[in-house]
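These are my notebook entries on a single structure. I set down what I looked up, entry by entry.

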Amino acid sequence: MLEIDVFWSFRSPWSYLATPRIRAMQDTYDLTVNFRPVYPIAIRTPEFFLQVNPMWPPYLLRDSIRVAEMLNLPFVWPSPDPVKQYRGDDGKARTADDQPHIHRLTRIGVLAAEQGKGIEFADEISRTIWGGTENWHEGDHLAQAAERVGLSLTNLDDTAVAEEARLEGVIEANQIAHEAVGHWGVPTCSFKGEPFFGQDRLDVLLWRLNQEGLQLRT
């Protein structure tokens with residue numbers, strides 16, 4: 001059986017847009033998807049937003065919206081944003097010290113992966129976050145998403161609190177492995193050490209997997 005690593009962020013619109021197709025690849029082919037969540041660039045490299053070309057953020061939003069339309073996926077920038085940021089006096093985005101969401105999401109993502117439901121969990125949770133659910137963090141929105149793949153959000157949250165230090169170690173190991181593959185962005189899929197960055201490289205990844213004898217799941 002062939003396998004790929006998927007380096008992925010809960011704050012990345014590109015990760016959301018790629019995930020249904022990665023999940024379908026796992027369902028369709030004899031392929032193991034190792035889901036390896038990492039922190040978004042706003043957490044890993046917060047100074048990025050002080051240096052980025054000001055044309056980049058509006059283009060990111062425009063392109064995300066049209067790709068979602070092409071893929072027939074709902075797309076609304078999350079409310080609240082998984083990463084809390086604010087604007088400085090210069091108008092540039094800065095990452096807040098208080099982060100009530102992204103650490104929780106990434107840690108329970110690791111736990112879902114350890115239970116063999118990583119990409120499925122990522123798909124259901126990201127559809128909830130990016131699909132237009134207002135206040136996705138409240139009520140039972142996330143609990144229902146977890147239940148759809150046979151997981152208990154309460155159990156995930158309890159374990160995430162009890163094993164915080166261990167899970168942070170796993171996330172750090174994922175981030176080191178991500179860089180070692182040769183890219184910094186998400187989603188990045190890795191096959192035999194070869195990186196395929198972006199939702200627009202999944203066809204290239206599938207082509208490479210077919211070269212290596214990818215088989216339909218029976």
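In which loop does N135 lie? I found N135 in the loop between α6 (118-130) and α7 (141-147); helices (H or I, at least four residues) and strands (E, at least two) are DSSP runs, numbered from the N terminus.

Entry on sources. I note that this is a predicted model, in which local features need pLDDT of at least 70, side-chain atom pairs count only at pLDDT 80 or more, and totals for chains, interfaces and linings use all residues. Residues are numbered from 1 along each chain as its sequence is written, and side-chain values use heavy atoms, with hydrogens and water left out.

Entry on backbone angles. Most residues other than glycine have a negative phi, and most peptide bonds are trans. I therefore looked up the exceptions, given that general rule. N135 is not a glycine, yet its phi is positive, about 55°. N135 is partly exposed, with a relative accessible area of 30%; buried means under 20% relative accessible area, exposed over 50%, and partly exposed in between (1.4 Å probe, protein chains only). N72, also a residue other than glycine, has a positive phi near 60°. I located N72 in the loop between α4 and β3, and N72 is exposed, at a relative accessible area of 70%.

Entry on cis peptide bonds. The bond from S79 to P80 is cis, with omega near 5°. P80 belongs to the loop between α4 (56-71) and β3 (85-87). V186 and P187 are also joined by a cis peptide bond, with omega about -5°. P187 sits in the loop between α9 and β5.

Entry on strand β5. I traced β5 (residues 188-191) to β6 (residues 194-197): the two run antiparallel and are joined by four bridges. Two strands pair if DSSP finds at least two bridges between them. T188 has F197 of β6 as its bridge partner. The two strands form a hairpin with two residues between them, and K192 in the turn has a positive phi of about 50°. Strand β1 (residues 2-8) also runs antiparallel to β5, with three bridges; here V6 is partnered by C189. I then checked the faces of β5: T188 and S190 on one side are buried, as are C189 and F191 on the other, and both faces are covered.

Entry on helices α5 and α9. The axes of α5 (residues 102-114) and α9 (residues 164-181) come within 10 Å and cross at roughly 80°. Axes are lines fitted to C-alpha atoms, for helices over the stretch in contact, and angles run from 0 to 180 degrees between N-to-C directions. The two helices are therefore roughly perpendicular, a term for angles of 65 to 115 degrees. Contact means heavy atoms within 4.5 Å; from α5 the residues making it include H103, R107 and L111, and from α9 they include E164, L167 and I171.

Entry on the cores. A nonpolar core is a set of buried Ala, Val, Leu, Ile, Met, Phe, Trp, Tyr and Cys residues joined through side-chain atoms within 4.5 Å. The largest has 56 residues, and L31, F121, L205 and L209 have the most contacts inside it. Apart from that core lies another of five residues, among them F7, V38, V181 and V186.

Terms used
Angles under 35 degrees count as roughly parallel, over 145 as roughly antiparallel, 65 to 115 as roughly perpendicular and the rest as oblique.
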